[in-house]
Amino acid sequence: MLGADGGYATAIKLLSKKTPSDGFADLWKHGRLDLTVEAIVVETKWRSYFDEILVTRAEELLRKSNYAFKRYQLDANGPPAAQAEQEASGDFAIDIETVSTTSAATSPERTNRRYWWVNQNQTYKTEVPGGFLWSPKTRTDGVRNQFYHNMTEVNVGDVIFSFCDTRIKAIGVAVGKAETSIKPDFGDAGASWAKDGWLVPVEFRELHSQIRPKDHIDVIRPHLPAKYSPLQNTGDGLQSVYLAAVPESMADVLATLIGQEFVVTVRELEGELDEVEIAADQQEEAIRGRTDIGATTKAQLVNARRGQGVFKANVRLNEKGCRITGVTDPLHLLASHIKPWKDSTDEEKLNGCNGLLLAPHIDHLFDRGLISFSSDGRLLISEQLDQMILAKWGIPEVKHVGAFTSDQIEFLRYHERSVFKR
């Protein structure tokens, strides 16, 4: 942004945003709000170069983030606006370089992200620590319920506002899509709910700044959806609502009310998303939508991702057991792709030479590039793997796992080059 717009224009853009920038969030996290655009504008000579509305917005954000700023004392005259822009467009870039660099280092925004509101008065104590959302598929009379159907619309990376006891108490990020699941143990809650339902895996963080929407309904009300709203116009919750879609404008208002903690929390939760799994999910959806292959081939390719079907059968033609643990019972082993499923061609997805039979914990390490195998059969261990895990799981640091075929070696070379974390 800095290179394209210049320092002065960049600062105006950052100060004009409804929510804090990623750079502000990172600097807040590291206790260096003094390096933010907001602090530079408020505390230095550059204050006189900006519209008072933008300065006030900067002060409010700093105040809300518990930063004790020292307001710069302006010269009574101050520079004319035209002169200010000309001077600031050059020199101001130097002062905000640190902030812009921090912003550029952050992860790319998810342009297709959606926002959701979940009412958890009855299930908060189970769902938030358990890391999931669960709902029946229909009402007790079998009729479709939009708030239950919304579970199937949640995508990986979507943000969830958790509402309980009149407050937004936690923020969540979906880490998987809805899947059929039996009802979890909610104790006395939900005794009348069906046993079969939808489960969405979500990682939650409880907030320190737990806002009460009813206290801010005047600013929230204009952004409530016309249909299937999570709140009444008074700001009170609706008992009939479970999971409701939140318009982006409403999400912006809620994020602003929660403050900087919202930005930091979402970014931390995003760090727990498995980007490899997200890419594989997208490719699986693409396979299901293909018209150049039949239903049987589609099923085989999708099953191969999970180490099932014809792929596992093909792997068993080459592998007799887990090369590290020695377990040979296929019921307790996973067929793991050497060249990741998402990177493989249709033929490679089903090729038995592109797989190993591994115990689940070994598969976990292999898929994440924390271990690999050399072409001569040596176990390779990443420097990023905690040695305590090796000890706890009984994995030897030096082990020869046997010879591989020439076809397996080609796939292993890909894994060592493109997946293994040295």
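Biologist: What should I know before I look at it?

Modeller: This is a predicted model in which residues are numbered from 1 along each chain as its sequence is written, and local features need pLDDT of at least 70, while side-chain atom pairs count only at pLDDT 80 or more and totals for chains, interfaces and linings use all residues. Side-chain values use heavy atoms, with hydrogens and water left out.

Biologist: How many helices and strands are there in the protein?

Modeller: The protein has 19 helices and 11 strands, where helices (H or I, at least four residues) and strands (E, at least two) are DSSP runs numbered from the N terminus.

Biologist: And what share of the residues is buried?

Modeller: Of the 422 residues, 46% are buried, and buried here means under 20% relative accessible area, with exposed being over 50% and partly exposed in between (1.4 Å probe, protein chains only).

Biologist: Which residues of α14 are buried?

Modeller: In helix α14, which covers residues 295-305, the buried ones are Lys298, Leu301, Val302, Ala304 and Arg305. They span an arc of only 155 degrees around the axis, and therefore sit on the same side of α14; the arc is that of the directions from the helix axis to the C-beta atoms. Ala295 and Thr296, on the other side of α14, are exposed.

Biologist: What about α15, which residues are buried there?

Modeller: Phe311, Lys312 and Val315 are buried in α15. Looking down the axis of α15, these buried residues fall within an arc of 95 degrees, so they line one face of the helix. The elements that cover them include α14, β8 (334-337), α16 (346-350) and β9.

Biologist: Now the cores: which residues touch the most other members in the largest nonpolar core?

Modeller: They are Ile324, Ile362, Ile371 and Phe373, in a core of 35 residues. A nonpolar core is a set of buried Ala, Val, Leu, Ile, Met, Phe, Trp, Tyr and Cys residues joined through side-chain atoms within 4.5 Å. At least two residues of this core come from each of α13 (275-288), α14, α15 (309-316), β9 (355-358), α17 (360-367), β10 (371-373) and α19 (406-418). Another core lies apart from it and has 28 residues, among them Ala25, Ile171, Val253 and Val266.

Biologist: What is Phe373 in contact with?

Modeller: Contact means heavy atoms within 4.5 Å. Leaving aside neighbours within four places in sequence, the contacts of Phe373 include Ile324, Leu356, Phe366, Leu412 and Glu416.

Biologist: Is His415 buried or exposed?

Modeller: His415, which is found in helix α19, is buried, with a relative accessible area of 1%. Beyond its neighbours within four places in sequence, His415 is in contact with Ile338, Phe366, Ile371, Ser372 and Phe420.

Biologist: Let's switch to α3 and α12, at what angle do they cross?

Modeller: The axes of helix α3 (residues 22-29) and helix α12 (residues 260-270) cross at roughly 90 degrees and come within 9 Å. That makes α3 roughly perpendicular to α12, a label for angles of 65 to 115 degrees, whereas under 35 counts as roughly parallel, over 145 as roughly antiparallel and the rest as oblique. Axes are lines fitted to C-alpha atoms, for helices over the stretch in contact, and angles run from 0 to 180 degrees between N-to-C directions.

Biologist: Which residues make the contact?

Modeller: From α3 they are Asp22, Phe24, Ala25, Asp26, Trp28 and Lys29, and from α12 they are Gln260, Val263, Val264, Arg267 and Glu268.

Biologist: Last one, what does Val128 touch?

Modeller: Val128 lies in helix α8 (residues 124-130) and counts as buried at 9% relative accessibility. Not counting residues up to four places away in sequence, Val128 touches Gln120, Ser162, Phe204 and Glu206.
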